Structure formats: structure tokens, C-alpha cells
Amino acid sequence: MKTLKKIIGAATVMVMTSTASLNAQKVLVLYYSQTSNTKAVAEEIATKLNADIEEVVAVNPYDGDFKATIDRCMKEREKGETPKIKPLKANIAKYDVIFLGYPIWFGTYAPPIATWLNKVDLSGKKVVPFCTFGSGGLESSVKDLIAKQPKAEILEGYGVRAARMAAMPGEVDQFLKANGFLEGSYIKLQDFSAQHAVSDAEAKIFDGAVGDYPMMNAKAISVATRPIPYGIEYKFVAVDKPRDNAPMTPPPGGDKDLKLPPPGEMTVFVIVVNNEKPVFTKVIR
Ligand SMILES: Cc1cc2nc3c(=O)[nH]c(=O)nc-3n(C[C@H](O)[C@H](O)[C@H](O)COP(=O)(O)O)c2cc1C
């Protein structure tokens, strides 16, 4: 592995070179996707790795709109059910590495993936989770995945907001190189600085990033930063603003069918690139 220090934008970043270590390992990209975001990530990964790819398909597809999907999921969750899925064509036993992709639904992998995880045994397999989400959920879904398949080796995952799909191909490229699946150079980011109380300017950056996201109604308390190419990444610790007498009611403009999580603390990652509008990349609750 070669290392090179480079100045990109104002930031000094480390450029590393990966010598991919997949060797003769057989890779399957397996995913569920309702509205094609996760499908796009799956296809990007499969193309880059020249891997087999298969979609998990629900026998009774979730083909309604957002509200219909929420309603159906709520009913299934109340009954403790997950949907029937069609049998896979792929023989899982043949694969060493499974890239497992899903949209985040209710803070974890979507139900068709839960169905599959309930009946498969991934002992000894390497599993690379990837997901798309409105605000976040990679970390919570990985916790559930580890609990569900404790004998699988769950590797570092990749997640991207639905609103940031344009950044996905570049991020997937970096992700695959940084994790030794693909050869070539990638940028290794520094660790974040220590957390400090937010300044007025940093609070503005936080508000600018989350302000028009209807499911967030939070205030930044402290922040850490690090350089990224052409900009800065912020790691904010934030708390939900008081919700008066209606703790589960979304703020004005929020979707009244999707309840807010219980109030609490969260970590919100924000990037500012080329001095453009701040954008949040994920929220961990
Ligand atoms: C039923 C349902 C529940 C969802 N729950 C969450 C959630 O808990 N957190 C989140 O960040 N996004 C949530 N989303 C947004 C999806 O994760 C996001 O739109 C995703 O990119 C969809 O992926 P797809 O196009 O592959 O289906 C939810 C969407 C649906 C339909």
C-alpha cells in the first residue's frame, strides 16, 4: 500500500493506493429496492467488481405509494410478520463475499431482507452491508444484522442518502478501494478534531444543512471537524428541539404519516464543499 500526501482544495489529504485483495473470492451483490436507489448502488458495485447480482423480490410487491407502504409495514410489524419472497436463483454456498443492499425502513433493513436473513445461514461468509436512506440507518441496521447473523463476518458498510445519489458513484469507488475490493488510489480522511461547543457560524452551517429536511427539528450543541477534498466535514452532536405536548409530531412540513423518533441526542454529519450550501450526509440516533 503506497501513501502520498496531496493538497486538494485547501485540505491536505492522504492519497493511498489499494492493491485489491479479493483474489479468487466469489462475490454476489444481493439487494432489495423499492424505488431504485439501492438498485443503482447495487449495479454500481456489481459493475465495478464484475460480480454476480440478484434482486430480492417480494411475492406481493410493495408497489404502493409511500403512505400505502408505511401502512402495510405497520400492519405487518404489529403482526410480527415479514413478507414472503421469491426463491433466489443464486446458490449462496458458492459465494465468499456477499454485498447485501437495502433501503432503510423504520431504522433498519427493509422487510424483504429481514425475510431472507431469517432463513439463510451466513456463517463464515463475509457480508458487506450497503444501504440508501432518507436521513440515516446504516449503523442501526448493521447492529440488527450482527444480531441476526452472529456467525457471519460483517465488514464495513456503505450508506448514502436518497437526496445524495449523484455523489454515490464516486463514493462507491472510494469505498471499494479503501476496503481492498478494488485497485487504485483513494483518499484517506483524517480523524475528526475534538468536539467543541458550536460557534454561531457553525450553528448556521448546521441549520443550513438540516433546515429544509422536514423530519429533523434539532439544535446543534457541539461539533468536530476535519478537512475533506475541496471542503470541510462537520460532525455535530445535536438534540431534538422541544416538541411541546406532542412528542411524536413532526414539525411543520413534516410527513404526518411518518412519526419522528423519540426525542434524544443524535450525531449529524455535514459537508461543505467548494463553499456551497451545507449538506447533511447522515444522522445517527
Ligand atoms: C416504509 C418506509 C420507511 C422508511 N423509513 C426510513 C427510516 O426509518 N429512515 C430513513 O432515513 N429513511 C427511511 N425511508 C426512506 C428510504 O430509506 C429511502 O427513500 C431509500 O433511498 C429508498 O430506497 P429504494 O429506492 O432502493 O427503495 C423509508 C421509506 C419507506 C418507504
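Trainee: How much area is buried between domain 1 and domain 2?

Mentor: This is a predicted model, in which local features need pLDDT of at least 70, side-chain atom pairs count only at pLDDT 80 or more, and totals for chains, interfaces and linings use all residues. Residues are numbered from 1 along each chain as its sequence is written, and side-chain values use heavy atoms, without hydrogens and water. Buried area is the accessible area (1.4 Å probe) that two parts lose on being put together, summed over both. Carbon and sulfur atoms give 59% of the area between domain 1 and domain 2, which is about 990 Å².

Trainee: How far apart do the C-alpha centres of domain 1 and domain 2 lie?

Mentor: The domain assignment, automatic or from a database, gives domain 1 as 20–182 and domain 2 as 196–284. Their C-alpha centres are separated by 26 Å.

Trainee: Which residue has a polar side-chain atom 2.7 Å from an oxygen atom of the ligand?

Mentor: A polar contact here is a pair of N or O atoms within 3.5 Å. Backbone atoms take part at Ile-104, 2.6 Å from a ligand oxygen, and at Gly-136, 3.2 Å from a ligand oxygen. The side-chain atom at 2.7 Å belongs to Thr-132.

Trainee: How many residues of the shell around the ligand are charged?

Mentor: The ligand is surrounded by 20 residues (a heavy atom within 4 Å). Ser-33, Thr-35, Thr-38, Ile-104 and Ser-135 are the closest. The shell holds 8 nonpolar and 12 polar residues, with Gly counted among the polar. The number of charged residues is none.

Notes
A polar contact is a pair of N or O atoms within 3.5 Å; within protein, one must be able to donate a hydrogen and the other to accept it, and residues adjacent in sequence count only if both atoms are side-chain atoms.
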